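Here is a short briefing for a reader new to this structure. Look over the sequence and the model, then read on by topic.

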Amino acid sequence: MLETSGRLLKLLSLLQTHRDWSGAELAERLAVSRRTLRRDVERLRELGYPVHATQGAAGYRLGAGAELPPLLLDDDEAIAVAIGLRTAAGGSVTGIEESSLRALTKLEQVLPSRLRHRVHTLHTATVRAGAVPAPKVSADTLMAIAEACRRRERLRFDYTSPRHGHSIRSVEPHTLVSFGRHWYLVAWDTDRTDWRTFRVDRLTPRTPTGPQFSPRELPDGDVATYLAHQLSSQTWPFQATITLHEPAAAVADRVWPGMGVIEPVDDHSCLLHLGAGTPRDLAWMITSVDADFTLTHAPPELADALHTQGTRCLNAVREI
């Protein structure tokens with residue numbers, strides 16, 4: 001039979017990894033009587049763990065309490081939390097850097113030496129490079145928007161955009177999306193009676209929130225697809241749709257986030273909707289997919305840009 005302290009830890013681990021347990025199952029796992037199990041449950045409650053009796057069956061469930069009790073993490077979970085905290089400390093959400101570092105310090109102090117060594121090795125062997133630092137967003141702003149989304153309450157905020165300057169917007173918030181280097185709010189704009197996408201680093205929520213609303217259905221059905229479509233084509237002055245002569249699954253990894261939206265057609269082809277600031281950039285993006293294609297809908301300038309790029313490549317080959 002396990003010693004009492006070790007048995008309590010095992011009981012706590014079982015409760016944390018499974019939502020509902022019957023008393024018989026727990027007693028069997030711990031190799032104790034039902035009476036001993038009840039005493040162990042009481043000890044956990046005295047230590048601050050909210051262990052609830054389940055209704056309809058003689059069982060137990062670990063619930064949420066008023067305070068955060070200690071957690072039991074296995075090796076992989078502990079490493080994942082440490083890496084996540086270190087990433088959060090240097091991430092794009094302001095106001096959580098110090099808290100993340102404090103939590104990371106506490107975690108690393110109690111990590112076994114073998115795990116502390118793995119976390120330290122990963123940290124010292126890696127460096128973040130190749131990207132411009134993301135615009136910072138406030139954790140309070142994210143929470144205010146998230147609460148309005150959850151409660152389905154109208155949200156008013158001050159918004160500043162490079163094109164239109166400052167404005168006050170009233171929206172029905174749908175979803176917060178972390179996409180690439182930015183946070184976005186996808187919402188129904190009540191003044192413009194249409195869906196809009198807003199950069200979170202450019203808005204400041206106003207309080208209080210407005211009345212509740214009934215949720216609307218997104219145009220593309222999926223918020224990630226809708227946002228990708230908005231960012232990759234509709235906001236650019238030059239837009240195109242091309243037919244790729246390969247199935248969507250085959251080219252999906254060659255289309256990076258924000259570049260374009262893939263639309264399956266059949267087992268042998270798919271459509272790629274994309275946009276760019278210039279026809280030259282559009283030609284480069286299309287050819288970078290490395291697939292045979294046909295222009296389905298495209299501005300006239302794209303044909304000239306593709307011809308110029310093709311001629312340049314042929315001239316380079318002739319000089320070899």
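Which residue in E7 is the bridge partner of Tyr-159? The partner is Ser-167. This is a predicted model.

**The five-stranded sheet**

- An open sheet of 5 strands runs in the order E9-E8-E7-E6-E10. Its pairing is antiparallel.
- Strand E9 (194–199) and strand E10 (203–206) stand at the edges. Each has a single partner strand, so one side of each is left without a neighbour in the sheet.
- On average, neighbouring strands of this sheet are turned by 45 degrees against each other, direction ignored.
- E6 and E7 run antiparallel and are joined by 7 bridges.

- Phe-157 is found in strand E6 (residues 155–161). Is Phe-157 buried or exposed? Phe-157 counts as buried because its relative accessibility is 0%, and the cut-off for buried is under 20%.
- Phe-157 and Ala-64 are 93 residues apart in sequence. From C-alpha to C-alpha, Phe-157 and Ala-64 are 33 Å apart in space.
- Ser-170 lies in strand E7 (residues 165–179). Its relative accessibility is 14%, so Ser-170 also counts as buried.
- Not counting residues up to four places away in sequence, Ser-170 touches Arg-154, Leu-155, Arg-156, Trp-188, Asp-189, Thr-190 and Asp-191.

**The three-stranded sheet**

- An open sheet of 3 strands has the order E1-E3-E2. Here too the pairing is antiparallel.
- Strand E1 (21–22) and strand E2 (51–54) stand at the edges. One side of each is left without a neighbour in the sheet, because each has a single partner strand.
- E2 is joined to strand E3 (residues 59–62) by 4 bridges, and the two run antiparallel. His-52 stands opposite Arg-61 in E3.
- Helix H1 (residues 4–17) packs on the sheet and touches E1, E2 and E3. The direction of H1 makes about 80 degrees with that of E3.

**A hairpin**

- Strand E12 (residues 260–264) and strand E13 (residues 270–276) run antiparallel, joined by 5 bridges.
- How many residues lie between E12 and E13 in their hairpin? There are 5 residues between them.
- Val-261 stands opposite His-273 in E13.

**A helix pair**

- Helix H10 (residues 279–288) and helix H11 (residues 300–318) have axes that come within 8 Å. The axes cross at roughly 65 degrees, and the crossing is right-handed.
- H10 brings Pro-279, Arg-280, Leu-282, Ala-283, Trp-284, Ile-286 and Thr-287 to the contact. H11 meets them with Glu-301, Leu-302, Ala-305, Leu-306 and Gln-309.
- By class, this contact of H10 with H11 has 8 nonpolar, 2 polar and 2 charged residues.

Conventions. Residues numbered from 1 in each chain as written. Predicted model: local features only at pLDDT ≥ 70, side-chain atom pairs only at ≥ 80, totals over all residues. Heavy atoms only, no water. Axes fitted to C-alpha atoms, helices over the stretch in contact; angles between N-to-C directions. Left-handed = near helix turned anticlockwise from the far one by under 90°. Contact = heavy atoms within 4.5 Å. Nonpolar A, V, L, I, M, F, W, Y, C, P; charged D, E, K, R; others polar. Buried < 20%, exposed > 50% of the residue type's maximum accessible area, 1.4 Å probe, protein only. Pairing = 2+ DSSP bridges.
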